[in-house]
Structures are given as structure tokens and as C-alpha cells.
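Good morning, and thank you for coming.

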Amino acid sequence: MKKIASFTVNHLDLLPGVYVSRRDSIGIETLTTYDLRMTAPNKEPVMNTAEMHTIEHLGATFLRNHFEYRDRVIYFGPMGCRTGFYLILTGKQTSSEILGLVTETFEFIRDFQGEVPGASPRDCGNYLDMNLPMAKFLADKYLSESLYTANEKNLNYPE
């Protein structure tokens, strides 16, 4: 079988950042999948499920309510390897063009106070697996070490 696109990225040289993972055409619409890489693969520990689950709830809620992007958000969710998240939007924006949106999202997570949206037995299939303090810590780390200092090395996949 042919190797899928995400398995062709050199994960040994991949830095935390924001990357265009792929573009898919569906009819006249283009869907762009972004790789929001929060940890250096195979170098840093992976994130635990509780904080990833919390980031997923907060990130999806923020993005699907965003005044400019809410109608363009298709998906926000975790990578199986637990090193980051995928964001799928309609359109052909570059990593640089959505950096502001990703930064806003993770600032929202870092600064969030209160009950995590959807963290109830009625709304979520695993509502007890949440860790807001660690989600906020990881959001702050991603902001300070990657998003606020983004450059070509963490906005474009390594060769």
C-alpha cells in the first residue's frame, strides 16, 4: 500500500509549530488540514489523555464559536500519537495565515476559567477524563515556545 501523507513527514526533525498537513478537494471546496504540533515527536513526552481531552473540548468550543472562522471549521481533534491536534478548515490558507487563529485558540485555553464546556455525563462519553490545569500549562508552553516565536522552521515541514 501507498504510504499516507502524514507518514512521509520526517518526524525526527519536526518542531512544535503549525503546518499545512494536506489539502483535499470536495466538489468546488478545498479542505485544508493543519498539523498543530505541540510537542517535539520522539524527543518530548507525549501529552496525557486528560489534558488532550480538555484541550479538545475547549479548542472545539472556541473555534466553532469564532466570529470569523466558525463557518469554516470542519474538525478539531487530537492526533493518535498524542503530540498535537489536527484542525481542518475550508479554504486554502497557509500556516502563517492561520497562525493568529491558532494563537487566539490557545490563549483562550490558557486563560480559561470555569467548568469545561461539555464536561458532563450527558454531553461527553468520558467526562471524568479532564485536566484543566495541565491543559492550561500545555497551552501556555505551546504559545510561548512555538506560536509567539513562529518562523519558517515551525511553519513549514522539514525536508
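Which residues line the largest pocket? Before I answer, two remarks on the source. This is a predicted model, in which local features need pLDDT of at least 70 and side-chain atom pairs count only at pLDDT 80 or more, while totals for chains, interfaces and linings use all residues. Residues are numbered from 1 along each chain as its sequence is written, and side-chain values use heavy atoms, with hydrogens and water left out.

Now to the pocket. Its lining consists of Ser-6, Phe-7, His-11, Arg-37, Pro-41, Asn-42, Val-46, Met-79, Gly-80, Cys-81, Thr-83 and Tyr-86. A pocket here is an open set of points on a 1 Å grid, where a 1.4 Å probe fits, with protein on both sides within 12 Å along at least five of seven lines; lining residues have an atom within 4 Å of a point. The volume of the largest pocket is about 190 Å³, taken as the space filled by probe spheres set on the points. Sorted by class, the lining comprises 6 nonpolar, 5 polar and 1 charged residues.

Let me stay with one of these lining residues, Asn-42. Asn-42 sits in the loop between β2 and α1 (49-65); helices are DSSP runs of H or I with at least four residues, and strands are runs of E with at least two. Its phi is near 65°, a positive value in a residue other than glycine. Why is Asn-42 called exposed? Because its relative accessibility is 67%, and exposed means over 50%, buried under 20%, and partly exposed in between, with a 1.4 Å probe and protein chains only.

Arg-82, in the loop between β3 (73-78) and β4 (84-90), also has a positive phi, of about 65°, although it is not a glycine. Arg-82 has a relative accessible area of 31%, so it is partly exposed.

Next, Leu-15, in the segment before β1 (17-26). Leu-15 touches Arg-37, Lys-153 and Asn-154, leaving aside residues up to four places away in sequence; contact means heavy atoms within 4.5 Å. Leu-15 and Lys-153 are 138 residues apart in sequence, yet 7.4 Å apart in space, C-alpha to C-alpha.

In strand β2 (residues 29-37) we find Thr-30. Thr-30 is buried, because its relative accessible area is 10%. Beyond residues up to four places away in sequence, Thr-30 touches Arg-23, Asp-24, Ser-25, Leu-89, Thr-90, Gly-91 and Lys-92.

Thank you for your attention.

Conventions. Nonpolar A, V, L, I, M, F, W, Y, C, P; charged D, E, K, R; others polar.
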